[in-house]
4 protein chains.
Amino acid sequence: MTDTLIKVDLTKSPTENEMIHNRWHPDIPMACWVNPGDDFILETFDWTGGFIKNNDSADDVRDIDLTTVHYLSGPVGVKGAEPGDLLVVDLLDIGAKPDSLWGFNGFFSKKNGGGFLTDHFPLAQKSIWDFKGMFTSSRHVPGVNFAGLIHPGLIGCLPDKPMLDMWNAREQQLIDTDPTRVPGLANPPSSGTAHMGKMTGEARAKAAAEGARTVPPREHGGNCDIKDLSRGSKVFFPVYVDGAGLSVGDLHFSQGDGEITFCGAIEMAGWVHMKVTLIKGGMAKYGIKNPIFKPSVMTPNYKDFLIFEGISVDEAGKQYYLDVNVAYRQACLNAIEYLKKFGYSGAQAYSILGTAPVQGHISGVVDVPNSCATLWLPTEIFDFDINPNAAGPTKFIDGSIDMPLSQDV
Amino acid sequence: MTDTLIKVDLTKSPTENEMIHNRWHPDIPMACWVNPGDDFILETFDWTGGFIKNNDSADDVRDIDLTTVHYLSGPVGVKGAEPGDLLVVDLLDIGAKPDSLWGFNGFFSKKNGGGFLTDHFPLAQKSIWDFKGMFTSSRHVPGVNFAGLIHPGLIGCLPDKPMLDMWNAREQQLIDTDPTRVPGLANPPSSGTAHMGKMTGEARAKAAAEGARTVPPREHGGNCDIKDLSRGSKVFFPVYVDGAGLSVGDLHFSQGDGEITFCGAIEMAGWVHMKVTLIKGGMAKYGIKNPIFKPSVMTPNYKDFLIFEGISVDEAGKQYYLDVNVAYRQACLNAIEYLKKFGYSGAQAYSILGTAPVQGHISGVVDVPNSCATLWLPTEIFDFDINPNAAGPTKFIDGSIDMPLSQDV
Amino acid sequence: MTDTLIKVDLTKSPTENEMIHNRWHPDIPMACWVNPGDDFILETFDWTGGFIKNNDSADDVRDIDLTTVHYLSGPVGVKGAEPGDLLVVDLLDIGAKPDSLWGFNGFFSKKNGGGFLTDHFPLAQKSIWDFKGMFTSSRHVPGVNFAGLIHPGLIGCLPDKPMLDMWNAREQQLIDTDPTRVPGLANPPSSGTAHMGKMTGEARAKAAAEGARTVPPREHGGNCDIKDLSRGSKVFFPVYVDGAGLSVGDLHFSQGDGEITFCGAIEMAGWVHMKVTLIKGGMAKYGIKNPIFKPSVMTPNYKDFLIFEGISVDEAGKQYYLDVNVAYRQACLNAIEYLKKFGYSGAQAYSILGTAPVQGHISGVVDVPNSCATLWLPTEIFDFDINPNAAGPTKFIDGSIDMPLSQDV
Amino acid sequence: MTDTLIKVDLTKSPTENEMIHNRWHPDIPMACWVNPGDDFILETFDWTGGFIKNNDSADDVRDIDLTTVHYLSGPVGVKGAEPGDLLVVDLLDIGAKPDSLWGFNGFFSKKNGGGFLTDHFPLAQKSIWDFKGMFTSSRHVPGVNFAGLIHPGLIGCLPDKPMLDMWNAREQQLIDTDPTRVPGLANPPSSGTAHMGKMTGEARAKAAAEGARTVPPREHGGNCDIKDLSRGSKVFFPVYVDGAGLSVGDLHFSQGDGEITFCGAIEMAGWVHMKVTLIKGGMAKYGIKNPIFKPSVMTPNYKDFLIFEGISVDEAGKQYYLDVNVAYRQACLNAIEYLKKFGYSGAQAYSILGTAPVQGHISGVVDVPNSCATLWLPTEIFDFDINPNAAGPTKFIDGSIDMPLSQDV
């Protein structure tokens with residue numbers, strides 16, 4: 001019987017749990033230790049530590065203090081791991097907490113985080129997704145039902161001090177280019193809501209003041225939000241500190257490439273069953289800077305896609321130079337416009353792109369001045385046929401249901 | 001027996017062929033006409049019209065005049081097609097010309113076009129790829145052999161005049177922000193090498209002076225370089241002019257997402273067997289701005305990938321704000337570094353990423369300030385095992401072979 | 001929260017549980033009732049009700065009384081279901097019991113049931129398979145590790161009386177052609193070990209004397225042992241009695257096509273999460289005699305196979321007329337011979353074919369006198385490369401481990 | 001440019017071509033020689049050598065003399081190949097002859113060959129299938145269109161004399177058990193219509209009298225009719241004579257598992273591009289008796305199946321003992337009954353099962369007395385939705401078109 005090394009109680013605050021942390025810092029003590037070859041289970045909070053509720057209001061999405069996220073389980077020490085090694089993590093299985101078989105997706109207000117299409121959806125909105133075995137559907141987004149590509153949005157090892165300093169320095173430089181921007185260009189350390197695991201006193205205060213925020217992905221992996229890092233995949237993480245210090249959280253029942261809705265995928269509390277081994281000196285042997293991974297042999301096998309193209313000319317007709325972000329944004333907007341023809345609200349269509357196993361491909365990056373990006377929408381997740389035909393679309397969705405929206409206050 | 005409506009003679013210049021053109025302009029006369037429901041075959045030159053040769057020198061890649069490209073076959077008029085329709089194109093089959101069973105891949109000199117990694121590979125280089133049935137391999141890049149995901153890099157309908165004007169205007173605005181940049185930010189009309197199909201005299205001169213270059217993808221599709229637009233796929237193109245005016249060219253035997261090498265994929269001369277039908281008024285019915293498409297049921301089924309992550313911090317450590325291009329560039333550089341451990345030169349590794357069916361995914365675009373992009377490298381295309389293991393990599397490639405390189409002159 | 005309608009206690013005998021039965025009879029009372037549209041969970045014993053243990057002896061496989069099997073959970077009554085309907089069952093999820101994360105595979109002695117290759121493996125043998133998340137491996141069969149294609153070996157609705165009588169009649173006719181054969185040609189009703197759910201007294205005795213054995217698949221589905229009836233699939237069952245009476249059991253963590261080892265797949269205790277709906281009058285509407293089903297979108301995606309052919313000439317060289325069984329047996333024997341070259345014992349190789357997601361295809365059934373069958377062995381389940389090459393095979397398995405064997409007594 | 005070593009002229013009789021043969025005999029001289037490592041092209045007749053025509057009458061299917069088939073191209077000698085080697089054949093590509101872009105499927109009269117369902121379809125019928133690029137459809141079977149899984153039905157090396165004698169002996173023994181059966185249990189040598197390649201005179205007469213018929217698959221492979229031996233696959237053939245003597249023919253544009261219609265798949269004339277290498281002594285090294293192979297990376301990717309079960313109880317209700325043939329026949333009949341609900345004639349439904357990429361799986365072979373077989377029908381090949389739903393089926397096919405049928409004479 002595999003041991004559950006970290007347990008979480010969803011009725012309590014994550015800040016009460018010493019095996020949870022929400023900042024990256026080399027001084028955070030290991031929550032527990034394992035040996036190479038061990039398999040074990042870690043339970044996790046949802047990324048907000050339970051702030052977002054299973055209800056029909058988006059007020060919590062509007063009001064959340066984003067300096068609190070993400071609540072991670074760990075760090076797990078791996079005996080014998082040393083800087084320069086690769087920590088090989090087999091994600092043997094991932095699931096929702098049995099007492100919490102639901103997740104949320106939402107858009108942050110433009111004033112509080114925003115998202116990829118925040119200019120089009122500037123207000124807080126939320127949808128709740130229920131899990132029935134392998135599948136999920138939402139009372140706020142009718143007509144779709146799909147198998148979950150379950151994965152951790154955030155996983156990685158502790159940075160050492162030089163790497164931490166580098167992160168903070170380069171991000172501050174960026175912030176300094178437009179320090180009052182809303183939403184901010186990056187998130188600097190924020191001591192107030194920092195949860196540093198077992199740390200206490202002065203050491204805690206010092207680390208909290210330095211600890212890197214968990215929002216961006218970085219060299220160690222971290223908040224990559226890669227949907228394909230799913231149960232059954234194998235990840236090779238760079239090790240920077242003795243013991244590696246592996247942490248995980250931000251579990252997603254499903255997500256589209258890009259996690260465009262930002263809040264976020266289908267976010268859930270859950271557990272991860274993993275096994276760790278080491279490749280000694282692996283970083284130099286294989287020239288590794290960022291993690292590499294191999295996909296799972298078991299993922300939802302949706303094969304019939306409707307694919308939307310976008311180019312790097314924005315909604316106002318402005319020409320950009322080989323900008324994939326602009327191109328992918330256009331592909332997303334094109335898909336939303338298409339889905340509206342079947343009766344979806346724009347918000348519902350946006351939510352589908354954020355939650356379902358849609359793919360985002362970088363299709364062309366050299367044909368000046370236009371990049372081309374494609375969004376792959378699986379047609380099989382819909383209860384009805386969304387393919388184009390000579391007769392034109394049918395409004396299968398009657399518009400009687402929409403996603404809760406909360407005005408800014 | 002299906003008719004071949006456009007034939008090309010590879011021993012002659014494409015400029016001698018009236019059914020070929022290399023600019024987009026609504027006044028180019030239809031090369032031929034078909035009825036909705038017809039299937040037909042069009043032969044095509046390679047995108048350079050035969051300038052790049054099957055030899056062991058990169059001089060042609062260095063010396064090419066890029067104002068000459070791309071040589072397209074068409075436009076094909078479809079009876080009854082009107083502005084606002086969708087032209088549905090079934091790509092029934094695509095192949096190389098039987099007398100030309102090879103293709104080329106290369107990097108342009110930074111002084112003449114460059115490419116996605118031009119700062120790392122600033123000089124002209126070339127590799128030649130031979131086709132053996134479904135498969136291709138290169139005498140310049142040992143150790144790889146893969147099935148071709150054959151597709152047209154460039155396909156789309158003629159723009160109308162307002163759209164043409166919009167293209168030229170917005171691209172010129174971009175050029176004007178840095179008009180002396182090398183390589184240029186975009187390519188303005190260029191009359192000298194324009195080939196306007198059947199047009200002659202003054203009309204030709206006027207159209208040549210206005211005709212949009214074929215380099216970028218635009219609203220009509222065009223040079224999307226989407227590898228998944230392969231034989232067996234179905235594409236829905238916006239129609240802007242009476243008769244639609246469908247043109248195609250720039251065939252690729254295989255390509256990786258992004259076509260990062262720019263010159264280009266595995267470029268070839270060949271033929272396309274296609275069928276056309278119409279969805280009358282389809283643009284408004286489905287809210288279509290850019291083409292949409294459905295992938296083929298028949299593509300190379302490589303399933304075991306090694307996946308490289310990249311984030312939007314560049315090689316110098318500079319932090320960018322949610323820039324997918326920077327992130328994908330890092331993922332590509334990470335993959336190249338990895339492949340070098342097995343004995344490949346950087347150029348060979350770069351060439352593999354540009355030619356093999358690698359995928360580029362937009363994995364995260366909201367976790368400020370870092371985007372995350374992933375490059376999916378199929379492991380099954382290699383003659384040896386490239387997976388990481390505890391013992392470290394073996395140098396299967398001994399370095400005795402490299403890609404021809406030509407110094408700038 | 002989904003209700004668990006039937007619970008099983010693995011520390012107790014299945015015969016103590018009134019919601020369990022091991023015979024098919026229309027008079028078995030419904031264990032519980034649900035409405036169309038409901039989803040619910042049923043726990044199940046392993047098919048032997050716990051007789052086979054997690055140890056290193058095959059004595060239990062040798063000694064089992066096969067009149068006791070299979071212990072099924074149900075029948076579940078579906079309100080409104082009537083004869084002639086189709087009961088649509090969505091298998092939302094399936095798993096092992098958390099307190100029993102292992103399964104067994106074995107060969108029965110030829111004197112007690114035998115198996116597909118019983119002439120080659122006439123004695124009882126057993127292997128134990130441990131589950132680590134999605135994956136399984138065995139301490140008795142080194143060098144393989146694979147993702148489970150979890151499925152119920154046995155699922156179906158209660159027969160009505162005429163169907164029951166037909167089953168018993170036609171099977172008795174077969175038995176009568178060779179009544180003393182070992183193993184028997186079929187299994188007649190066997191009252192002694194019958195467990196008839198809630199039935200008691202005379203009614204129980206009468207039904208026990210008539211109840212069809214659960215061993216063969218029949219018109220209602222039943223013991224089909226179809227590996228592809230996995231979590232995520234959708235099955236359409238004929239309904240014969242009011243309320244349908246759906247029962248399920250004999251869960252497999254994984255199995256090869258044919259379940260050639262008979263005892264059996266990787267057999268386990270577990271649970272099934274399912275949803276039921278009705279197609280009224282569906283049998284006549286669609287001309288349904290046997291169940292039909294649609295496969296899951298989520299199954300292990302092993303794609304690289306080594307495929308073995310077999311023809312209908314037996315090991316002694318005798319020619320059969322278009323006999324697929326003989327052909328598939330030869331394909332299996334050919335695969336076993338091949339695997340022995342890598343160091344496996346014949347029993348281990350046989351066990352791999354019975355447990356891993358191997359496919360058995362009916363490749364040719366008309367080319368007199370030889371049928372052709374193919375066995376598809378996924379190469380990716382092995383820790384080493386089993387592909388043929390010019391150098392010949394390497395003995396990766398050193399023979400120090402074998403499967404427990406028990407001599408007949 | 002790859003050499004075409006054997007050419008066929010479809011306007012002439014195959015018997016005029018010395019590089020064609022229709023019997024297996026070790027004395028047939030090599031038609032040509034190649035070296036290990038060579039790739040080359042062989043053209044082939046259709047299996048009947050052009051007897052079946054592209055018209056709307058089934059008279060040719062009724063009247064064909066089945067002693068004439070199959071016309072094979074070869075044998076190709078491979079220098080250095082010796083008995084005991086494995087001949088590795090890479091099927092680099094396969095296609096139809098450009099001047100013959102069609103194929104046929106049919107049922108033989110029960111009096112002249114029959115087929116898997118000959119008791120239900122006892123008369124000669126035919127359907128013609130046109131090829132449009134990768135796809136095929138039939139003027140006799142409306143509503144289906146699918147990508148071809150192109151493959152040779154028949155490929156293998158020459159037997160040596162002892163093997164030939166064994167084949168003839170064991171098949172004659174079977175024939176002797178019911179020598180007057182119609183259709184016959186097997187086909188003995190038949191000198192009259194034998195075409196022995198370059199052989200002439202007495203040697204030819206002797207070999208023709210001994211030459212094994214090409215109908216059944218045997219140890220060398222031969223007429224396996226395995227649809228998955230498609231372009232891109234790699235086959236390992238046993239070698240019995242010096243030079244191997246590889247022959248190929250009976251090309252199929254597409255076929256369902258079992259080739260149940262017997263006449264046959266979608267039969268065509270065409271060409272095979274292949275490469276040969278050797279594994280010296282490979283038969284002993286790997287314990288090979290029958291060919292083994294690896295599937296292609298490129299095949300039609302139909303993933304949504306409707307799966308029909310069958311058990312070994314025949315149409316009359318008779319119980320068989322673990323007979324997969326009976327079970328598969330029931331699965332086929334169940335599928336035909338289902339398709340008739342959508343408007344197809346039985347013959348059209350039968351033809352679809354014989355031609356489309358349907359799979360036949362051996363699902364259970366140990367649950368006495370019933371085998372279970374499954375037929376996997378891809379739903380995506382139909383122009384309409386064939387999935388079951390609560391409303392019942394719609395007759396999309398109006399019955400105005402059927403397959404030509406010819407009464408016995």
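Below is what I looked up, entry by entry.

**Ground rules.** I'm working with a predicted model, where local features need pLDDT of at least 70, side-chain atom pairs count only at pLDDT 80 or more, and totals for chains, interfaces and linings use all residues. Residues are numbered from 1 along each chain as its sequence is written, while chains are lettered from A and ligands numbered from 1 in the order in which they are written.

**Chains A and B.** I looked up the contact (C-beta atoms, placed from the backbone, within 7 Å) and found 79 residues from chain A and 79 residues from chain B. Among the elements that give two or more residues on the chain B side are helix 2 (161–176), helix 5 (324–340) and strand 19 (305–311) of chain B. I take helices (H or I, at least four residues) and strands (E, at least two) as DSSP runs, numbered from the N terminus. By class, I get 41 nonpolar, 22 polar and 16 charged residues on that side of chain B. Here Ala, Val, Leu, Ile, Met, Phe, Trp, Tyr, Cys and Pro are nonpolar, Asp, Glu, Lys and Arg are charged, and the others, Gly among them, are polar.

Next I checked the strands: strand 19 of chain A pairs with strand 18 of chain B in the antiparallel sense, over two bridges. Pairing takes at least two DSSP bridges. In this pair I see F308(A) opposite I292(B).

**Chains A and C.** How is chain A laid on chain C? I need a turn of 180° and a shift of 0.0 Å along the axis, and the RMSD is 0.0 Å. That is the relation of a two-fold axis. The superposition is by least squares on C-alpha atoms of residues with pLDDT of at least 70 in both copies. M298(A) is the residue of chain A that comes closest to the rotation axis, with its C-alpha at 3.1 Å.

I noted a cis peptide bond between V182(A) and P183(A), with omega about -5°. P183(A) sits in the loop between helix 2 and helix 3 of chain A. I noted another cis bond between V69(C) and H70(C), with omega about -10°; H70(C) is in the loop between helix 1 and strand 5 of chain C. Last entry: F262(B) isn't a glycine, yet has a positive phi of about 70°, and I place F262(B) in strand 16 of chain B.

Notes: Two residues are in contact if their C-beta atoms, placed from the backbone, lie within 7 Å.
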